Amino acid sequence: MNTPALQAKAASARDLPGPEFSRSADDLPVARVGDLVFAMVSGRDGQHFLVSAWRVARPLSELKRDDFYSHHGAVADEAEFQARMFEQAEYSRELRALARPTVRMNCSTPWGPSQGATVYAEGIVSHTTAGHGGFKLCNECNVKIHPMLRCAGGWYEEDTAWAAIALAYPNLFTGYERKCADRTIRDSWPDAWEAIFGRPLAPGESHEKDRRAFEREHAGDWIVISALRSEQHAGITEVIATIGGLRATDEERRYLVPRDEYEVGRFCFVIDPARHAAYDGPSSFINWQARVTSP
């Protein structure tokens, strides 16, 4: 399943009351939760990211940035880093209590031959393969999935579809997993979430619903579908835009946007004709070069 923390290698080897915090040898905030070590590292523009490694036995104070190899998304600050560590520790305790057995099953899945299986309950099994994975539910278990989220064959891939199982069988999942499942359903299937819980999702509560609202609001605007740094104009981003951001159209325009202004945001960059200059000069786009230079 695709959850923000480390689900593949849970902290199961140590019986810890909570996370252990310290500073690394290069002064990074670090923590240990069971067999996992975490660090908060700096990125561009003041951003921070959560990284981790598995079964690193050295003291936290001796670790350095190069010891961490897995990436788990953005973290706002050290306070959020610590909160994530307490959440990870609680997840690990709940996971141990669930005691999900792992077995070998010789079977095919939509993602290839099963290379390992975790039994959540009779008739509910999670499979891993060489490239992907997901759940298989027997017919009796599958009918309990909400009809708006149900997969007819009983196969639920691990990125998003798995969330329907956590919603139908909450006792088989940790609190952290249930929270991730709720977020996944709101983001991917807002209509189903609203039908199940009987209330509309407000702006900011669903990525998919916000995307639809953005597209309705800007259906008549020029929206960028491609961008690159201009080779002809210093400090400028050359962009290609279409009405509504449609790609299956022959009506395209180019604009010049100041580089420090070009921020895509959650969805797409919307051209402001009052600020961004329409452009028909020499292009940095290969597919536009012939059009511009032809008689």
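Tutor: Contact means heavy atoms within 4.5 Å. This is a predicted model, where local features need pLDDT of at least 70, side-chain atom pairs count only at pLDDT 80 or more, and totals for chains, interfaces and linings use all residues. Residues are numbered from 1 along each chain as its sequence is written, and side-chain values use heavy atoms, with hydrogens and water left out.

Student: Which residues does Ile 124 touch, not counting residues up to four places away in sequence?

Tutor: Leave out the residues up to four places away in sequence. Then list the contacts of Ile 124: Thr 118, Val 119, Phe 135, Lys 136, Leu 137, Cys 141, Ile 165, Tyr 169 and Leu 172.

Student: Which residues touch the most other members of the largest nonpolar core?

Tutor: A nonpolar core is a set of buried Ala, Val, Leu, Ile, Met, Phe, Trp, Tyr and Cys residues joined through side-chain atoms within 4.5 Å. Buried means under 20% relative accessible area, exposed over 50%, partly exposed in between (1.4 Å probe, protein chains only). The largest core has 26 residues, and those touching the most other members are Ile 124, Phe 135, Leu 137 and Ile 165.

Student: Which elements give two or more residues to this core?

Tutor: Helices (H or I, at least four residues) and strands (E, at least two) are DSSP runs, numbered from the N terminus. The elements are helix 1 (78-98), strand 11 (133-137), helix 3 (163-168), helix 4 (175-188) and helix 5 (190-197).

Student: How many bridges pair strand 10 with strand 11?

Tutor: Two strands pair if DSSP finds at least two bridges between them. Strand 10 covers residues 124-128. Its Thr 128 stands opposite Gly 133 in strand 11. The two strands pair in the antiparallel sense, and the count of bridges is 5.

Student: Which are the edge strands of the open sheet?

Tutor: The sheet has 5 strands in the order 6-9-10-11-12, with antiparallel pairing. An edge strand here pairs on one side only. These are strand 6 (102-103) and strand 12 (155-157).

Student: How many disulfides does a search of the whole structure find?

Tutor: A disulfide is a pair of cysteine sulfur atoms within 2.5 Å. For Cys 138, the nearest cysteine sulfur is that of Cys 141, 3.4 Å away, so Cys 138 is in no disulfide. The search of the whole structure gives 0.

Student: Is His 72 buried or exposed?

Tutor: His 72 lies in strand 5 (residues 70-74). Its relative accessible area is 15%, so His 72 is buried.
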